Amino acid sequence: MGSRRDKHSSRGDLVPLAALISREFKNDKLEKPTVRYGSAAQSRKGEDYFLMRSDCQRVPGNQSSSFSVFGIFDGHNGSAAAIFSRDHLLNYVLDAIPHGLNRDEWLHALPRALVAGFVKTDKVFQSKGKTSGTTATFVIVDGWTVTVASVGDSRCILDCPGSGVSVLTVDHRLEENAEERERVTASGGEVGRLSLCGGTEVGPLRCWPGGLCLSRSIGDMDVGEFIVPVPYVKQVKLSSTGGRLIIASDGVWDALSSETAAKCCRGLPSELAARQVVKETLRTNGLKDDTTCIVVDIIPPDNTTTELPPSPSPKKYSKLKAFFSGKQCLWSGNKLSKKLSSVGIVEELFEEGSAMLAERLGHDDKVSESNDGLFMCAICQADLTPHEGISVHAGSIFSMSSKPWQGPFLCADCRNKKDAMEGKRPSGVKVV
């Protein structure tokens, strides 16, 4: 420790507090990766829509709290659901995150908020009486942390230097997902192929009524509430080597494998990479469907180039450590999702794909309240008086220890929707 004289003699070297704060902000900014992105699309039916935003902030006005959002919405039976989801899903997700959280708390709350935001988007859109539906693959990039939520068969893959390609989503196609087939039939739906005259069955497995090939989507009110909007969610943290995300509609994935899509665009900047993926799709399969691709490069701050280096074949694989609040949280159907590999490249923070809201919304040790001191619905954020709130765990068959008076709470409309999705009662929503 320097003497009192030493301290006085060095006073001229002291840095003003404002400068220290500014330096801290600069250092924080330098430690963050650079995010570059590009998109490409070819339209056949005009039902693909996408979202790219790099100007979002956890704390309004605080540049150091910035994060980026990307989404692909592949509509069917019209484009209304895709457009509505593109325009409203982000706000509904952010509405479900409590105010005043630091960055770690915000990222911790994000998976549950994504579930609430997806269900609210579905609920509000269905209230408009329109029958279209959409897939949704929604990606939030905050620093080195990537959080992906998805329903349907649009896909997001991760290509990291040295670790190969990993799938961050699960396809909700009835043809390929046995667990989803079981869930749909248990909830009151029927699964089968299109039957022609004479009893000949053709095409992929579909859900009846409605004939949808997917088990999860936003919208589709004419199909049945057992087609749920509850997303599969995965959250990972990249190492300082960065990585590339490729987010695309099924027009790409019906033509290219995940490995082929990643390989065909390595070494290209994001905009050219997205174009190359679409070009390779058309070369392989032609334009049979709307084809949309977003490429997001998460680049280390000391990398001055605009693209990631080519990713060599991984030499070694090892099981990742997954944790969430000290507890591993995995979906039993995660065999459909390729396991991430190479410790030190990607750390898996969270993964869950259950369609049951009681499991996805968890437990609240403290009751969520609005600024007015009222209870608040965990899905739509409507204010509730204490006697109006219905616990999401009330009547749950999944936990004998759950307490019906324990939050989170739902309003009557959201509780009815939850029961309808689980096959406990009809939706009550009428098509106009």
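Biologist: What makes the largest nonpolar core a core, and which residues touch the most other members?

Modeller: A nonpolar core is a set of buried Ala, Val, Leu, Ile, Met, Phe, Trp, Tyr and Cys residues joined through side-chain atoms within 4.5 Å. Buried means under 20% relative accessible area, exposed over 50%, and partly exposed in between (1.4 Å probe, protein chains only). Here the set has 25 residues, with V69, L114, F118, F138 and I140 touching the most other members. Elements giving two or more residues are β2 (48-57), β3 (66-76), α3 (80-95), α4 (103-126), β5 (136-142) and β6 (145-151). The top contributor is α4, with 7 residues. Helices (H or I, at least four residues) and strands (E, at least two) are DSSP runs numbered from the N terminus.

Biologist: Where do these coordinates come from?

Modeller: It's a predicted model: local features need pLDDT of at least 70, side-chain atom pairs count only at pLDDT 80 or more, and totals for chains, interfaces and linings use all residues. Residues are numbered from 1 along each chain as its sequence is written, and side-chain values use heavy atoms, leaving out hydrogens and water.

Biologist: Back to α4, then. Why are α4 and α10 called roughly perpendicular?

Modeller: They pack at about 100 degrees, with axes 12 Å apart. Axes are lines fitted to C-alpha atoms, for helices over the stretch in contact, and angles run from 0 to 180 degrees between N-to-C directions. Under 35 degrees is roughly parallel, over 145 roughly antiparallel, 65 to 115 roughly perpendicular, and the rest oblique. So α4 and α10 come out as roughly perpendicular.

Biologist: Which residues meet there?

Modeller: V119, D122, K123 and Q126 of α4 meet D413, C414 and K417 of α10. Contact means heavy atoms within 4.5 Å.

Biologist: What makes α10 largely enclosed?

Modeller: 7 of its 10 residues are buried, so the rest of the structure largely encloses it. The buried ones are C414, R415, K417, K418, D419, A420 and M421. Their cover includes α4, α9 (357-361), β18 (390-391) and β19 (409-410).

Biologist: Is N77 buried or exposed?

Modeller: N77 is at 51% relative accessibility, so it counts as exposed. Its phi is also positive, near 60 degrees, and N77 is in the loop between β3 and α3.

Biologist: How do you know which form the W208 to P209 peptide bond takes?

Modeller: Its omega is near 5 degrees, and the bond is cis. P209 is in the loop between β10 (201-208) and β11 (218-219).
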